[in-house]
Amino acid sequence: MTRETIITNLINQKPKTTKEKYIFLVGDNGSLYKQIMAAHYYAIQTEADQLTVYLDDHLNTESHIKDYIWVTCAGKAANDALNTFFEREAIPYKQGWLMVKQLGDTPTDEAVKTALEKFTAAEVTQVSDLPTYYDHKPHSMSQYINSVLFADIERMKAAGSRKTGFPVLDKLSNGLYAGLYVIAATSSLGKTTLALQVADNLAAAGHDILFFSLEQSRLELITKSFSRLLKQEKNESVSSLTLRTGADPDNLQDAAKLYKSKIGDHMNVIEGNFGCNIDFIKAYIKEYISKNESNPIVFVDYLQILQPSAEVKASTTRESIDQTVTALKRLSRDYGLTVFIISSVNRANYMQPIDFESLKESGGIEYTADVVWGLQLQCLDEEKFTKQNNLKEKRDRIKEAKAESPRQIKLVCLKNRYGISNFDCDFAYYPECDLYTQETEGFNKCYDSPYDNKKPRKRL
């Protein structure tokens, strides 16, 4: 993208995020340019006088350029000329985070590096809440109504059209909005499978997906999707392991074609590792939005192995998880994203119906997340699990329930800021083909394909 294209885009579109307000005019200081780019902010490398001429030719009353805060780090003479231009056009700016005044006209690289580190270590809210040089009431609600309110409402309206592909869940949850969603469950209940199926359904509906898989490979995930598609579209029961090992090449080819035609263009699976941290995820999302001009729906699998920011100095696992949850919530808010995070639960709660006590290792989930869904075996609602003793009987019943096909799973909504605050709904989970199905309300039929939910299919 050329420099002129970047500037034209800035003139003609509103910022999508808080950090997009910080656009850096660097002049010809290549070293400073690289440092700013490394800090994951927008940087434009051009001469101040060239930019002034360009803006004079292109600026108009319909421009959105006043929604940005421009940072000037050029030489003093050019700086003064550009600032005069900004003042004339009533364009807000910050002088290089006051670098020009604090560091002088030609700051050393070391001084700039120190200033950058101090700035980037600040909380997003601390940065965005700083008033501009002329703004005496930066948080006036009248200003919010005039400049932001209706854009925020339009974003909420657009987000509410997103659906999981499960009719009952969609009706009860009232759509998927920008915010932090948590899917929590014990092992082997299929929380990754459910999240992946929701992601595939959203991709099939035309939404871009970023699925950060910190534990499973792309091969594992895509063959899960292949197995599900074969069952949904061809009623073929082929396990993901069979497909992964190439033992059924004909069905593998068919599944690949189905996947590419329905899902592939919008699904992105990013393999992480046990050292992947929130900084990598934030940088990847920012770059994706910048290059694709699309706000993706984000999935992170899973919370307990996602590392916090490199700057975080947490003394306990709980503190580390809480800080990661807070960072994901901030990410959803700053970029207007729907973010799903998968979480495990305490082993001590494996034989109890799921609740917030199951998530006590991370108190931040209860208070920070917008929506919390817990998965449990339906059998946990049986009377025997309300009693304190009979551990062997409980274990045997859980083993029996896990051996069933389909497994009878209940989704319990523990928190929902966008609709009914507490509800539950039932699923049938077929682990042999990585498929979740759900009965529709009022009908004893199952719409087990998100791609054609007008025509009921036979119950599996």
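Where is the place of Ile342? I found Ile342 in strand 9, residues 338-343; helices (H or I, at least four residues) and strands (E, at least two) are DSSP runs, numbered from the N terminus.

Ground rules for myself: this is a predicted model, where local features need pLDDT of at least 70, side-chain atom pairs count only at pLDDT 80 or more, and totals for chains, interfaces and linings use all residues. Residues are numbered from 1 along each chain as its sequence is written, and side-chain values use heavy atoms, with hydrogens and water left out.

Is Ile342 buried or exposed? I noted Ile342 as buried because its relative accessibility is 2% (buried is under 20% relative accessible area, exposed over 50%, partly exposed in between; 1.4 Å probe, protein chains only).

Next I checked the neighbours. Leaving aside residues up to four places away in sequence, Ile342 touches, among them, Ile183, Lys191, Val300 and Leu303 (contact means heavy atoms within 4.5 Å). Val182 lies 160 residues from Ile342 in sequence, yet their C-alpha atoms are 5.8 Å apart.

Then the helices. I saw Asp200, Ala203 and Ala204 of helix 11 meeting Tyr259, Lys262 and Ile263 of helix 14.

Last, confidence. The average pLDDT (the predictor's confidence in each residue, from 0 to 100) is 79, and 69% of the residues score at least 70. I flagged residues 97-105, where pLDDT stays under 50 and the model has 18 contacts beyond four places in sequence. Where pLDDT is low, the predicted coordinates should not be read in detail.
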